[in-house]
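Biologist: I am new to this structure. Could you walk me through it and tell me what stands behind the terms you use?

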Amino acid sequence: MPSSANSRVKAPSHQCAECGAVSVRWVGRCPECQAWGTMQAEGRPVRAGLARATVRAKATPIESVDLVSARTVATGVAELDRVLGGGLVPGAVVLLAGEPGVGKSTLLLEVAHRFAERGQTSSLVVTGEESVAQVRLRAERTGSMHPRLYLAAENDLAAVLTHVDEVGPGLLIVDSVQTVTSTSLEAAAGSVTQIRGVATALIEVAKQRAMACVLVGHVTKDGSIAGPRVLEHLVDVVLHFEGDRHSALRLLRATKNRYGPADEVGCFEMHESGITGLADPSGAFFSHRAAPVAGTCVTVTVEGRRPLLAEVQSLVAGSPNGGSGRRAVTDLDQSRVAMVLAILSRHAQMSLADRDVYTASVGGLRLTEPAADLAIALAVRSAVSGRAIPSTVCAIGELSLSGDVRRVARLDQRLAEAARLGFHTALVPASALPVRADGLRVVGVDALTDALEADERLEQRRGFTSVR
């Protein structure tokens, strides 16, 4: 019987293009991620055993590892550096995804310009979707011209690598990875095999040259990154650029970051001359009025690690059909809005079944966290009663199905942001008291019924627990 070192076994012959799971035979549905039609033949006979290979570098004691190569280099775009954790790490590969027209190319052109302007090395932008003349027109319009910023229009991987060797950039931007193909791979452009092969080659070159690399990725209609899921595992950082074409606001989120926080958010504003970061975006998400109006309430949400004031608006009207009322939700969590309306009907005896209820947030900011529940309830109540909530009052709290107001995370940061922007009173869960908020009256409420009466009883403060 041959020994195990000399025996030949067959490696798993099929691998899932989405999650990387392996199988010894083809199956229609991946047993791990449950995706259909993603198993591809890849296995080859390999020699099993304990063979040795030449190592690239000897193992180093952890105290002797040089940290210089892992330090971030600022890109010059403050909001991007905030999300990345200080900047780009040499050799790091970043995957930036977003819907078409959201401004990915404009943002990265600004990043390439700032990198070339601040650093000692050049930056190279490889575009597979536009010509270099089109990119230059955008650069002139946005003021992103610099002699160390190089452009190339290529779709062939070998040509891209040749440009890298000739220019020797410190930053490589590939727009987009789905448009680059390798002639050594027998697959169509944009296929799973091509995307994975091209990305692997670019990652290897970036690591060898200590060159930061940003790959632009397409997204599917449901918002996920197009291509194999293994692509997100290969790169070091995954960023999502979000925004509505009808709004100038853009949000940059990190969903994976090996070098920094993975829960940070950057805010940008699109305009005719390019894109700029918003260091203090809170004022963009609520209306500035001389007098308060009914149907509005301000809350404080947390995006990443950043507290943002946001305004919730509601309109309640009689249903013209005479039957069940219509529910329309914009930039809010539809399921949570439905839950809040049910809580109002049950615990506040508000009849909403035969009335149309419209709810929305201001400024294009999507509010999905439970901390906005209390503000939604107060806005709906204000719309029904026609009584405006004072413009210096904000509400923060999660509602339970029993009508209780639950505590939320990072309440101190939320209240500090409200006080900084001139708010005088905040309705918060009573269970979170005592809480410190200089210059802000903090009113604790135990249940939704207490909060609904708070706008009438703030002066007397009967039945509330409050601290100054």
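**Salt bridges, strands and a pocket**

Modeller: Gladly! Arginine 305 forms a salt bridge with aspartate 263, with 3.2 Å between the closest N and O atoms. This is a predicted model, in which local features need pLDDT of at least 70 and side-chain atom pairs count only at pLDDT 80 or more, while totals for chains, interfaces and linings use all residues. Residues are numbered from 1 along each chain as its sequence is written, and side-chain values use heavy atoms, with hydrogens and water left out.

Biologist: Why is the contact of arginine 305 with aspartate 263 called a salt bridge?

Modeller: The term asks for a side-chain nitrogen of Lys or Arg within 4 Å of a carboxyl oxygen of Asp or Glu. Arginine 305 and aspartate 263 have their closest N and O atoms 3.2 Å apart, so the pair qualifies. The structure holds 18 salt bridges.

Biologist: What makes arginine 305 count as partly exposed?

Modeller: Buried means under 20% relative accessible area, exposed over 50%, and partly exposed in between (1.4 Å probe, protein chains only). Arginine 305 is at 42%, so it counts as partly exposed. Aspartate 263, at 33%, is therefore partly exposed too.

Biologist: How do you know that arginine 336 forms a salt bridge with aspartate 373?

Modeller: Their closest N and O atoms are 2.5 Å apart, so the pair meets the cut-off. Arginine 336 lies in helix α7 (residues 334-347) and aspartate 373 in helix α8 (residues 373-385), so the bridge ties together parts that are 37 residues apart in sequence. Helices (H or I, at least four residues) and strands (E, at least two) are DSSP runs, numbered from the N terminus. Both arginine 336 and aspartate 373 are buried.

Biologist: Which residues are linked with arginine 336 in a network of salt bridges?

Modeller: Arg336, Asp373, Glu398 and Arg406 make up that network. Within this group, glutamate 398 forms a salt bridge with arginine 336, the closest N and O atoms being 4.0 Å apart. That pair links distant parts of the chain, with glutamate 398 in strand β20 (residues 398-399) and arginine 336 in helix α7, 62 residues apart.

Biologist: How do you know that β11 and β12 pair?

Modeller: Two strands pair if DSSP finds at least two bridges between them. β11 and β12 have 7 bridges in the antiparallel sense, so they pair. Valine 237 stands opposite asparagine 257 in β12, and the two strands form a hairpin with 5 residues between them. On to the next partner: β12 and β13 run antiparallel, joined by 5 bridges, and leucine 252 stands opposite glycine 266 in β13.

Biologist: Why is β12 called largely enclosed?

Modeller: Of its 9 residues, 7 are buried, so the rest of the structure largely encloses β12.

Biologist: What makes a space a pocket?

Modeller: On a 1 Å grid over the protein atoms alone, a pocket is an open set of points where a 1.4 Å probe fits, with protein on both sides within 12 Å along at least five of seven lines; lining residues have an atom within 4 Å of a point. The largest pocket has 21 lining residues, with Glu99, Glu242, Gly243, Asp244 and Arg366 nearest its centre. The elements giving two or more residues to this lining are β6 (93-98), β11 (237-243) and β12. β11 gives the most, with 4 residues.
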